[in-house]
Amino acid sequence: MLSPIDFGGKPFHFIGIGGIGMSALAYILAKRNLPVSGSDIRLSHITERLQELGTRIFGSQEGKNLEIYHQLANCHSEQENLSSTALKTTHLNPTHHLPQVICSTAINTNNAEYRAALELGCPIFHRSDVLAALIQDYRSVAVAGTHGKTTTSSLIGYLLLRAALDPTIIIGGEVKAWEGNARFGQGEFLVAEADESDGSLVKLAAEIGVVTNIELDHPDHYQSLDQVIETFEIFKKQCKTLVGCIDCPTVRDRLHPTITYSLDLESGAAYSVDRVVYTSQGTQARVWEQGQVLGNIEIPLLGQHNLSNALAAIAVGRHLGIEFSTIQEALSSFEGAKRRFEYRGEFNGCILIDDYAHHPSEIQATLAAASLRAKDQRVIAIFQPHRYSRTQIFLREFAQSFGQANQVVVTDIYSAGEANSEDLQGETVAQAIHEYHDRVSYQPTLKDVENYLVTTLKPGDYAVFLGAGNLNQIIPKLTARSA
């Protein structure tokens, strides 16, 4: 399939370049020596990393950010001077003056910069179009699924890295091994996290697709689980080989993966485990391949969900011909991704853990892991619901997800730009949880949460911050109080 994205030297301009998915793409393009610019209303260490590559970053989303391209379109004679002072445009020529403007689903048509791009006549693409084009450029592994995408894609990327395959990696989270959410390699492989949230998964056609599980998680886009499944079915058809977890009945019965994996040795999966030991420091298991013992693994990640993620990486690695000894070494040294049960420091002897979990299934898995790590100590779950639509649809499931926490703290809902049409509040969530849990506290603002934790947390506690919003901003404030 011929991609509309031009990697031949035409510049790229990202509206919202600081987003975790957008910045990863911008990083890879900049490392490919393509001219890249972008804007974001919140600058961060991620945008600083892009600036170090020569990317021009604007701190606001305004039409004037595209003026340089307007000047180039109307004044070719000044092109060399403009490109040397305003942008890294070594590949620019008179036929390449207008940028390819890249947006995410978060950018709406009323955005001033978006409107300016339309008026200029810039070709405008969704970020998934860039990812789809990059996937076509490599032997690609695209990791999809409702839960576990970031950890699984990070594990696979790390495995290929340790196998000396020098992969290019695009992840929806930051990983210490490559100091960010993207890595540019010289090898033939690309490992990418593939997002289903907005339906753009259907654009991707990888050599190897991975599906970890399928649930309804984005009711702002999907009306039913069947719609989600249809998206994954299209993805499956477009991948040469599909690796899937048959512990998820939907993956097993609807996708019929080419290569299967399961935590149940009796499942008949191509890859499975037994002799599993979950400890407070990680997980041990014996791995089976097609009915034969491969050997033992030790991973410094907690819980069943992470053992399943590791098994997906093993299946991909073996399909690519990687020796099991190399896989064993890689899994044992993988340090995980940020905001995936990430240790962030301490407050007066209390351990502070940051986790991206924002779906009931993810919360249950994370708190199960926290209980393993905490042993006999208290687990304090601090929860910021994410999106009104998700909170409304899964309110009853959220209410029943905190059984392994000794205490629950709930704050107001992070809107992620959604309108609160049902007048839903965090207090409603707290009340629902209280039907199943004796110790629940509602604290409306982040400042309220911080003050409450200061008086509540005790030495030895595990405070687990749960959510995809800005709840984790509290953590450095707590650690600063301990300094």
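Visitor: What should I know before I start?

Guide: Residues are numbered from 1 along each chain as its sequence is written, and side-chain values use heavy atoms, leaving out hydrogens and water. As the model is predicted, local features need pLDDT of at least 70 and side-chain atom pairs count only at pLDDT 80 or more, while totals for chains, interfaces and linings use all residues.

Visitor: Which residues of α2 are buried?

Guide: Buried means under 20% relative accessible area, exposed over 50%, and partly exposed in between (1.4 Å probe, protein chains only). Helices are DSSP runs of H or I with at least four residues, strands are E runs of at least two, and both are numbered from the N terminus. In α2 (residues 45–52), the buried ones are I46, T47, R49 and L50. They lie on the same side of α2 because they span an arc of only 150° around the axis, taken from the directions from the helix axis to the C-beta atoms.

Visitor: What covers them?

Guide: Contact means heavy atoms within 4.5 Å. The cover includes α1 (20–31), β3 (56–58), β7 (168–175) and β8 (180–183).

Visitor: Where is G145, and is G145 buried or exposed?

Guide: G145 sits in the loop between β6 (139–144) and α7 (149–162), and counts as buried because its relative accessibility is 0%. Leaving aside residues up to four places away in sequence, G145 touches E196, T212, N213 and F232. An unreviewed UniProt entry includes G145 in its "binding site" annotation; such annotations may be inferred rather than shown by experiment, with positions given in the numbering used here and feature names shortened.
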